[in-house]
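Q: Hi! Could you walk me through this protein model, one piece at a time?
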Amino acid sequence: MKILLKGAKKDMAKFTANEIKEASKKENVRFLRLMFTDILGVIKNVEVPISQLEKVMENKMMFDGSSIEGFVRIEESDMYLRPDLDTWLIFPWETSKESGKIARLICDIYNPDGTPFAGDPRSNLKRILNEMKELGFTDFNLGPEPEFFLFKLDEKNEPTLELNDHGGYFDLAPTDLGENCRRDIVLQLEDLGFEIEASHHEVAPGQHEIDWKYASAIEACDNIQTFKLIVKTVARKYGLHATFMPKPLYGVNGSGMHFNLSLFTKDGNAFYDKNGDMELSDTARQFLAGILNHAKAFTAIVNPTVNSYKRLVPGYEAPVYIAWSGCNRSPLIRVPQSRGMSTRVELRSVDPSANPYLAMAVLLKAGLDGIKNEMQAPKPINRNIYMMSEEDRYNNGIYDLPGTLYDALGYLAKDSTIKDGLGGHIYENFVNAKKIEWSAFREQVTEWEREQYLKMY
């Protein structure tokens, strides 16, 4: 049965235009948000009154692309929003009976000539998924594990650095004062069709994690963006600011967003082979080898901010070294023990500032490169890499991830496979934006520098 009242698709059936029209009337929807994601992963939207629904569904809604980061120049600014009707969703809040409810549709961006816009991250992921299908695979699935911090708002509703709790991993109230907020987030997500698998306090004070069931690549990325919006909206109701900044506080764990990845054919999970070593197929090992081979380059995409690299340091559970294992959490990639349809690889470096559409595009591109070229995965490292000496790591073929955004951009520039996973337009505009970001950061004088050098020199 389709749940149209709040947008959840329990049977994964497609929504029709008529069903959406009926639901909007029944639920008193007054405004429609046409959502999309820019190159930096920021959610954007054009809000229109529900009277424009017919025009929206006829793909006639235009917007000025020149005002969006990394899209187009002012002389070629007209872009079209094409809604994906499967993403119809009515938000679970209503300001008043008169103002009604707000719904959303996630859109792909098209050029005026009817072709997909090369700078649209969602359309770009579809391009790479088509390459995957040409190789005989049917689905690329993602189960994300996003973490976030909750900080108190001040009297002006601006975020502070004051935590709302001092809880730790899996702690309960009263130390976990964010429990009620987190529970409300879960309830609203479930009302919207999310199948929540876990919700708990994370290691650092004020840090939380909510996990939900995997989905195919496009839907999973849509879900991540929806999740971020719901988390931030609900947090504000509790006088809190939710941030997906990778490392907001010094001296505690940062926030990651582990990606659990699996590849499917018409026959089932392509990573599983009951007769293989560790019950992993050759495809799984080749995919894994491709990920490891391109890890330095795609780090710029899955860890896209200056702040991302404050998390990727030893001592805070985040991966630092390029290796894989089936039984410990210190390498870049872990292969969880589940087998059969649940066989997957867990990439542990991704953080929640990443644009999920770009991250999935480059990870799939890297894995497919490993499969096409029959790359051989190195032996798994079943020791705690953090305890190994530099010489020991070198002898075992374990290398470091890039240590800064600048370094990561350098590796990206040399990797044609990952650049192709982005496409020329996105690559050029992403790199330009990140070079500006790095330059601005490099010019800053920090409090740490003043404490270290002001008196000494």
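Q: Which salt bridge do the side chains of Arg-127 and Glu-131 meet in, I mean, what is the N to O distance?
A: The N to O distance is 3.7 Å for Arg-127 and Glu-131. A salt bridge here is a side-chain nitrogen of Lys or Arg within 4 Å of a carboxyl oxygen of Asp or Glu. One note before we go on: this is a predicted model, where local features need pLDDT of at least 70, side-chain atom pairs count only at pLDDT 80 or more, and totals for chains, interfaces and linings use all residues. Residues are numbered from 1 along each chain as its sequence is written, and side-chain values use heavy atoms, with hydrogens and water left out.

Q: Why can side chains pair like that?
A: Side chains of opposite charge can pair when their charged atoms come close.

Q: Where do Arg-127 and Glu-131 lie?
A: Both lie in helix α3 (residues 121-134), 4 residues apart, which is about one turn of the helix. Helices are DSSP runs of H or I with at least four residues, strands are runs of E with at least two, and both are numbered from the N terminus.

Q: What does Lys-365 form with Glu-131?
A: Lys-365 forms a salt bridge with Glu-131, and their closest N and O atoms are 2.7 Å apart. This pair links distant parts of the chain, since Lys-365 is in helix α9 and Glu-131 in helix α3, 234 residues apart.

Q: Is Lys-365 buried or exposed?
A: Lys-365 counts as buried, at 8% relative accessibility. Buried means under 20% relative accessible area, exposed over 50%, and partly exposed in between, using a 1.4 Å probe and protein chains only. Glu-131 counts as partly exposed at 21%.

Q: How many salt bridges are found in the whole structure?
A: The search finds 19.

Q: New topic! What feature does UniProt place at Tyr-386?
A: The unreviewed UniProt entry places "modified residue: O-AMP-tyrosine" at Tyr-386. UniProt positions use the numbering used here, feature names are shortened, and annotations may be inferred rather than shown by experiment.

Q: Where is Tyr-386, and what is it in contact with?
A: Tyr-386 is in the loop between α9 (356-372) and α10 (390-395). Leaving aside neighbours within four places in sequence, Tyr-386 is in contact with residues including Pro-314, Glu-317 and Ser-330. Contact means heavy atoms within 4.5 Å.

Q: And how accessible is Tyr-386?
A: Tyr-386 is partly exposed, with a relative accessible area of 25%.
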